[in-house]
Amino acid sequence: NPFNPETTISYELINASYVQLTIYDLRGQEVAILVNSYQFTGDYHLTWQAPDDLASGMYILKLITETKNASKSIILLK
């Protein structure tokens, strides 16, 4: 899962839901909000380009919907 400087993030919604998709550093500080809206059922794919000033390291990708909370670690290598 290492990426440089962009990665594609995919997720599926079985039910329409309000979606928050956020990236955090390991200290819990918000790095980027990728999605913060209501979305309909379906498959979603988005590309995140890490800012040039973001340091290499591990980050947490957190997906929150009305019925599911999930997180995944991602690694930025420069």
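Tutor: Helices (H or I, at least four residues) and strands (E, at least two) are DSSP runs, numbered from the N terminus. The model is predicted: local features need pLDDT of at least 70, side-chain atom pairs count only at pLDDT 80 or more, and totals for chains, interfaces and linings use all residues. Residues are numbered from 1 along each chain as its sequence is written, and side-chain values use heavy atoms, with hydrogens and water left out.

A pocket is an open set of points on a 1 Å grid over the protein atoms alone, where a 1.4 Å probe fits, with protein on both sides within 12 Å along at least five of seven lines; lining residues have an atom within 4 Å of a point. The largest pocket has a volume of about 230 Å³, volume being the space filled by probe spheres set on the points. Its lining comprises 13 residues, and Ile9, Ser10, Leu61, Lys72 and Ile74 are the closest to its centre. Two or more lining residues come from each of β2 (6-13), β6 (57-64) and β7 (69-76). Of these elements, β2 gives the most, with five residues.

β7 and β6 belong to an open sheet of five strands, ordered β1-β7-β6-β3-β4 with mixed pairing; two strands pair if DSSP finds at least two bridges between them.
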